[in-house]
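Me: I have a structure to go through for class. Could we take it step by step?
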Amino acid sequence: MANQRLTTGSLLRYLRGNTTEKATLQVVGIKTIDSKTDDPSGASKRYRLMLSDGKATFSSCMLGTQMNKLIETNSLKENSIVRIDRVMVNSIDKQNGRVMLMLYELEVLQSDCERIGDPVALPLTDIINNNGNGTNRLETVNNNQAQAPPPAAAAPPPATNVIRQGSKALPTLDNQKKPNGDNRFAAKGGGGNNTIDKERIINIDTLNPYMNKWTIKARVSNKGQIRNYENARGPGKLFSCDLVDQSGEIRATAFNAECDKFHSMLEMGEVYYIAKASLKAANRQFNTTNNDYEMTFNHDTIIEACDAGEGENIPQVQFNFIPISEVANRTANTTCDVIGVVKSTSDMQTIVSKASQKEFTKRELLLVDEKASISVTLWGQQAEEFDGSSHPVIAFKGIKIGDFNGRTLSCFNNTLIRHDPTETQRTVELRVWYDNEGKSMDLPDLSKGADAGNRPTAVKTLAQIIAEGLGLGDKPDYVSVKAMSTLMKKDQAVYMMCPEERCGKKVVDENNGSYRCEKCNKTYNNFKWAYMVSAEISDTTGAQWITVFRNEAEALLGLTAEEFGAHKLNQSESIIEEIVRKAMNHERIFKLRAKAEQYNDERKIKFTCVGISDIDWSSHGRRLLDEIKQMEPVQN
């Protein structure tokens, strides 16, 4: 490949504030920096680059996280040639004159290249001396002193990329608009420290802790209630809100006095100018926004409402949806954004916390999209005010993933819930799909252990399960067994179930064409047949009774619950006998969920089947050979 020509001198020009130039540079070093967050996705990883313009290098260059994929896909690597399309200069430590180049947009022109030239660290003497260029001449004003001593009078600078002039830092983004380096905050329309500088507006996605002076124009997309807390320093209160603009989003939090000051000021959906807040790495335990950083309002923070019409181009909210089926692959206790149609809604329920003995109200929804369904729990006021009777399209932002017997979703206090959101085309797509076909589809339910049948499990004998005490822990254990069904209670294989989608309870036949559900406290004109098969499985080491539901029972018996129930209504005993006989005495792989439960003051392990499959004899044989190799030789 032909070598690219580097833009000599561009690093120095960038550091002096000329950031409009689109320079061609070489990456001569890459260093990984891991942020101190609990984010398992890797989104918190940062990369610092050393850039060369052929003669000089500068090592404090931070790559924007949106371009991490260039390094992770090996497109951007050491000695790659890049064109800088968007860069800013940020002051890190004004006392010591340290600055950093923030690389927000670049294009890889040539991935593989040899080192060009013999560059050295950018000499500070070149930075301080301006070679007669009056445009870039740097002046320092100190009270009434007109100009700093000439460079020749200063002590020789060390060979480092720290940029100084005398005892003052060189101008960066934070002061490049101030004539003669004046440190006063010059807002449009007048000076003063309590005025918004509307000429300094930047995008949310460029905010980082290295910036000192900035202003954003953002919409409040979500706002939480004031919450009280108590720690080692005493009681306190806080509230959080999410801010969004065209480029991204960020979480902001205010404590105590600032909580009182700003909670009533900020209104949901309104647009504000915000300046002089603190920035730090996002705490993923509480922060669900798609940003590496979060904001804290402090005593210096300035917030000013925008005039009507100023924020028309700012979105109402920024979603990062994943399909419902993808929830099964996400880690429990993390958060996500999902959208779906409410297929059914439960009545309000009141539960008592075992830990605090406090009462909580909740409501459960069945949320569906084209490929899967999942249970969503609303709490408190969210549950009380929710109306799902019209089967609306609902978007959830920052909802928690749970792993109770499968995958579930549960709202936080600050989870944003939007009915029929207009911000996304998915609303129209889901509405059309559900009205045409989705309402009659039977979709996989992640909340009923649908993902458990796919998770890898160890293969053990029934005797090993008992000997190892599986199922006796706080959480269920999952295990596979090669066994055959030897007995089945055919008279209780199906039952009449409540027709409500999320109920699943048995109904009472009132013998007048109606069926009563005690849980729903309703009477219906119909019911659904549902499987709840009690079967005994056996291997060479013993036997165990298990319970088999829904899809697994269909795989075991070879027909649907509705078909089995029809034979039961017709009293077709001979047909049922034949169905059960065919299901017996065939070896299969049974995936079981083992969990101890309390029955009449006695603790017993309940085994539930979460998957049934035919035996892959080749893989089964390889597994046996591996087990044989691991056995110790028998000593005579």
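Me: Which charged end sits over the ring of W545?
Reply: The charged end of K489 sits there, 5.2 Å from the ring centre. A charge sits over a ring if NZ of Lys or CZ of Arg is within 6 Å of the ring centre and within 35 degrees of the ring normal. Please note that this is a predicted model, in which local features need pLDDT of at least 70 and side-chain atom pairs count only at pLDDT 80 or more, whereas totals for chains, interfaces and linings use all residues. Residues are numbered from 1 along each chain as its sequence is written, and side-chain values use heavy atoms, with hydrogens and water left out.

Me: And how many aromatic pairs are there?
Reply: The count is seven aromatic pairs. Rings of Phe, Tyr and Trp (its six-membered ring) pair if their centres lie within 6.5 Å; planes under 30 degrees apart are stacked, over 60 edge-to-face and the rest tilted.

Me: Why is the pair of Y515 and F527 edge-to-face?
Reply: The planes of the two rings stand at 65°, so the pair of Y515 and F527 is edge-to-face; the ring centres are 4.8 Å apart.

Me: Where do Y515 and F527 lie?
Reply: Y515 is in strand β29 (residues 515–517), and F527 is in the loop between β30 (522–524) and β31 (528–539), so the pair ties together parts that are twelve residues apart in sequence. Strands (E, at least two residues) and helices (H or I, at least four) are DSSP runs, numbered from the N terminus.

Me: Is Y515 buried or exposed?
Reply: Y515 is buried, at 14% relative accessible area, and F527 counts as buried at 19%. Buried means under 20% relative accessible area, exposed over 50%, and partly exposed in between (1.4 Å probe, protein chains only).

Me: New topic: which residues have the most contacts inside the largest nonpolar core?
Reply: They are Y531, V533, L557, F564, F590 and L592, in a core of 42 residues. Strand β31 gives the most to this core, with five residues. A nonpolar core is a set of buried Ala, Val, Leu, Ile, Met, Phe, Trp, Tyr and Cys residues joined through side-chain atoms within 4.5 Å.

Me: What is F564 in contact with?
Reply: Leaving aside neighbours within four places in sequence, its contacts (heavy atoms within 4.5 Å) include K490, Y531 and L557.

Me: Lastly, how many residues of strand β15 are buried?
Reply: Five of the five residues of β15 (271–275) are buried. V271, Y273 and A275 point one way from β15, while Y272 and I274 point the other way.
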